[in-house]
Amino acid sequence: MKRDWSDLGNPAKGVVDPIVLHLGEQTRIRIVEPGYDEWLQHDIEGEDAEGRPLYRSVACSQTLECPLCAKGRKHFPVKQRYAVNVLDSNGDVKVLIGGSTIFKSFGNDSKHGFDVMDYEYIISKSGKGMQTTYDVVRMEKSNRELPDASKLHDLSRYSDPMTPEGVFALLDEVGIDYDS
């Protein structure tokens, strides 16, 4: 079952995907592949049987078959998401999932002639919820070895859209009546 990507790697949310990098106040990374995945993501907010908030996200198919788009983006807003394989500060290959604030920094470096795979980056995170901000700083050239391609994770597991049936099941799970 697909889960909310913003919950991944966050033990406080109770959903831990060990290959997703959880961004702390300051996180040091090295990008280890030349490309990235991108997708549109619908955020869904509901509640469980006890009335506790539940948050889920679904990769949008960007077709007429997407029931969330058919209902209207004011009900199920979308945001751009990106993913790339990185080395974390321990040298483990992790998946960095983030929004345009983080990934535009990498794109700007690339446009200015820097090979983003050659450098270490520090991602600083501050604030909470909708007030969260990120700052990305390119550091020195990295002396850490790039991992073998066989160690990279399949990013499609995060960016592939859910079937319409899966979307309706997820809406039921979080207590949302699609027809209301």
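This section describes the salt bridges and nonpolar cores of a predicted model.

Residues are numbered from 1 along each chain as its sequence is written, and side-chain values rest on heavy atoms, with hydrogens and water left out. Because the model is predicted, local features require pLDDT of at least 70 and side-chain atom pairs count only at pLDDT 80 or more, whereas totals for chains, interfaces and linings use all residues.

Seven salt bridges were identified, a salt bridge being a side-chain nitrogen of Lys or Arg within 4 Å of a carboxyl oxygen of Asp or Glu. One of them joins Arg28 to Glu140, with 2.2 Å between the closest N and O atoms. Arg28 belongs to strand E1 (residues 26-31) and Glu140 to strand E7 (residues 133-141), so this pair ties together parts that are 112 residues apart in sequence. Helices (H or I, at least four residues) and strands (E, at least two) are DSSP runs, numbered from the N terminus. Both partners are partly exposed, Arg28 at 27% relative accessibility and Glu140 at 43%; in this classification, buried means under 20% relative accessible area, exposed over 50%, and partly exposed in between (1.4 Å probe, protein chains only). Arg28 and Glu140 are also members of a salt-bridge network that includes Glu120 and Arg144.

A further salt bridge is formed by the side chains of Asp109 and Arg138, with an N to O distance of 3.1 Å. Asp109 is located in helix H2 (residues 100-111) and Arg138 in strand E7, so the two tie together parts that are 29 residues apart in sequence. Asp109 is buried, its relative accessible area being 13%, while Arg138 is partly exposed at 30%. The side chains of Glu50 and Arg52 likewise form a salt bridge, at 2.9 Å from N to O; here Glu50 is exposed, with 58% relative accessibility.

The largest nonpolar core comprises 17 residues, where such a core is a set of buried Ala, Val, Leu, Ile, Met, Phe, Trp, Tyr and Cys residues joined through side-chain atoms within 4.5 Å. Ile29, Ile31, Leu96, Ile102, Phe106, Tyr121 and Ile123 have the most contacts inside this core. At least two of its residues come from each of E1, strand E4 (78-87), H2 and strand E6 (119-126). Beyond its neighbours within four places in sequence, Leu96 is in contact (heavy atoms within 4.5 Å) with residues including Leu21, Ile29, Tyr82, Val84, Ile102, Phe106 and Ile123. A second, separate core of 15 residues has Ile44, Cys60, Leu171 and Tyr178 among its members.
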